[in-house]
Amino acid sequence: MSLRLSTVILPYRRWHEGGRSAWTRAEQLGFHTAYTYDHLSWRTFRDGPWFGAVPTLTAAAGVTDRLRLGTLVTSPNFRHPVTLAKELISLDDISGGRVTLGIGAGGSGFDATALGQEPWTPRERADRFAEFVPLLDRLLSEDAVSYEGDFYSAHEARNIPGCVQRPRLPFAVAATGPRGMRLAARFGQAWVTTGDPKLYENGTPGQSIQAIRGQAERLDDICAEVGRDMTDLDRVLLTGFTPDRVAPLQSLNAFVDFAGRHVELGFTEIVIHWPIPDSPFAADQKVFEQIAMEAPAQLR
C-alpha cells in the first residue's frame with residue numbers, strides 16, 4: 001500500500017476569511033483526508049478565534065467532493081456519546097460517507113475544565129474512554145440503543161438511518177498505553193500516535209523513532225491477544241509533536257526522508273499541519289504544497 005498523506009486544518013479562521021479556501025485547496029492538492037481538532041479552545045490559540053469542529057467539517061463537506069474529512073481527535077472531555085453519534089451520522093450523510101472519527105481519551109487542557117468540572121486523572125480519563133468508545137460504536141451501528149454505565153447512559157436512543165458508511169464510519173483511535181491500544185485493536189479502523197510526548201522537548205529524532213517502534217510493537221502484541229489481524233489496522237502518525245517538530249516541512253527531501261523512516265515502521269498515513277504563520281506550525285506554504293503534490297509518489 002502506498003502512503004496516504006493527510007493534513008490538519010486548525011479552525012482558527014473565519015469561514016469567509018480564509019477558512020473555506022484551505023479546505024478547497026486541500027482537495028486540489030490531493031490530500032487523502034483533511035482533519036480538524038475537536039477542542040473548545042487549544043493551547044496558544046485560546047485567546048483568539050476558534051470554531052467548532054462539527055460545523056466546520058459540515059461546511060467543508062459542502063465545498064469538497066472527494067476529500068475525506070475527520071476529527072483528530074474528539075474526546076470525552078466535553079462530548080457525550082448519544083449527542084455525538086447524532087452529529088456524526090448527520091455529518092456522514094451530508095458528506096456522502098467521507099467522515100473518519102479520530103478519537104482519544106483527551107488531556108488536561110482547557111477542554112478538561114470548560115464545563116466547570118475538575119480535570120480527570122489519567123486513570124479517570126482511561127476509564128471513561130473505555131466506556132465511551134464501545135457505546136459510541138453501538139450508537140453508530142444500531143437503530144436503537146439502551147445502556148447504563150458508570151459514566152454514560154442511553155435510553156432508547158434512536159439513530160435512524162445510521163451512517164452512510166457501513167456498518168458505521170471508521171474510528172481512528174489515538175492511544176499510546178495498553179488500554180487505549182486495546183480499544184484501537186477492538187474498535188478501530190486505524191491507530192493514531194503523535195510519538196512519545198516525553199521526548200518532545202529534549203529527545204532526538206532517533207530516540208523518537210525507537211519509541212514509536214516500541215509503540216507499534218506493543219500494538220502488534222495486543223492485536224494478537226485480541227485476535228485482530230494487525231495488517232487490517234491502519235497506522236497514522238500525526239506529526240508536529242516529535243523532536244523533529246516542523247523540520248520535515250523545510251524541504252521535499254527532508255519530508256521524504258522523515259516519512260520514509262516511519263513507513264518502514266508500518267505507518268500507512270502521515271498527517272501534516274496546514275501552515276499557520278507565527279505559530280508552532282509555521283512553514284513555507286509553497287514547500288508545504290510541493291510536499292503534498294510530490295511526496296506520495298516518492299514514498300510508494
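**A walk through the predicted model**

Pro 167 sits in the loop between E6 and E7. The structure is a predicted model, in which local features need pLDDT of at least 70 and side-chain atom pairs count only at pLDDT 80 or more, while totals for chains, interfaces and linings use all residues. Residues are numbered from 1 along each chain as its sequence is written, and side-chain values use heavy atoms, with hydrogens and water left out. The names of helices (H or I, at least four residues) and strands (E, at least two) refer to DSSP runs, numbered from the N terminus.

The peptide bond that leads from Arg 166 into Pro 167 is cis, with omega near 0 degrees. Pro 161 also has its place in the loop between strand E6 (153–158) and strand E7 (171–174). The bond from Ile 160 to Pro 161 is cis, with omega near 15 degrees.

Strand E1 covers residues 4–8, and five of its five residues are buried; buried means under 20% relative accessible area, exposed over 50%, and partly exposed in between, with a 1.4 Å probe and protein chains only. In a regular strand the side chains alternate between the two faces of the sheet. In E1, Arg 4, Ser 6 and Val 8 point one way, Leu 5 and Thr 7 the other way, and all are buried.

E1 has neighbours to pair with, where pairing requires that DSSP finds at least two bridges between two strands. Strand E10 (residues 269–273) runs parallel to E1 and is joined to it by five bridges. E2 also pairs with E1 in the parallel sense, over two bridges. Thr 7 takes part on both sides: Ile 272 stands opposite it in E10, and Ala 34 is its bridge partner in E2. Between the two strands E1 and E2 comes helix H1 (residues 19–29), and together they make a right-handed β-α-β unit. Right-handed here means that, with the strands pointing away from the viewer, the path from the first strand over the helix to the second runs clockwise.

Next come the charged contacts. Side chains of opposite charge can pair when their charged atoms come close. A salt bridge is counted when a side-chain nitrogen of Lys or Arg lies within 4 Å of a carboxyl oxygen of Asp or Glu, and the structure holds 16 of them. One of these joins the side chains of Arg 79 and Asp 38, at 2.9 Å from N to O. This pair links distant parts of the chain, 41 residues apart: Arg 79 is in the loop between strand E3 (68–74) and helix H3 (81–94), and Asp 38 is in the loop between strand E2 (33–36) and helix H2 (53–63). Both Arg 79 and Asp 38 are buried.

Asp 220 and Arg 235 form another salt bridge, with 2.4 Å from N to O. Here too distant parts of the chain are linked, Asp 220 in helix H6 (residues 205–226) and Arg 235 in strand E9 (residues 234–238), 15 residues apart. Arg 235 counts as buried because its relative accessible area is 7%. Salt bridges that share partners also join Arg 4, Asp 234 and Glu 269 into one network.

Arg 138 and Glu 142 form a salt bridge as well, with their closest N and O atoms 3.2 Å apart. Arg 138 has 29% relative accessibility and so counts as partly exposed; Glu 142, at 31%, is likewise partly exposed.

Rolling a probe the size of a water molecule over the atoms shows where empty space is left. On a 1 Å grid over the protein atoms alone, a pocket is an open set of points where a 1.4 Å probe fits, with protein on both sides within 12 Å along at least five of seven lines, and lining residues have an atom within 4 Å of a point. The largest pocket holds about 1300 Å³ of space, a volume being the space filled by probe spheres set on points joined across faces, edges and corners. Of its 39 lining residues, Val 73, Ala 105, Gly 106, Gly 107 and Thr 194 are the closest to the centre. E3, helix H4 (122–141), helix H5 (178–187) and E8 each give two or more residues to the lining, and H4 gives the largest share, five residues.

Two loop residues other than glycine have positive phi. Arg 245, in the loop between E9 and helix H7 (252–263), has phi near 55 degrees. Asp 278 also has phi near 55 degrees and is found in the loop between E10 and helix H8 (285–298).
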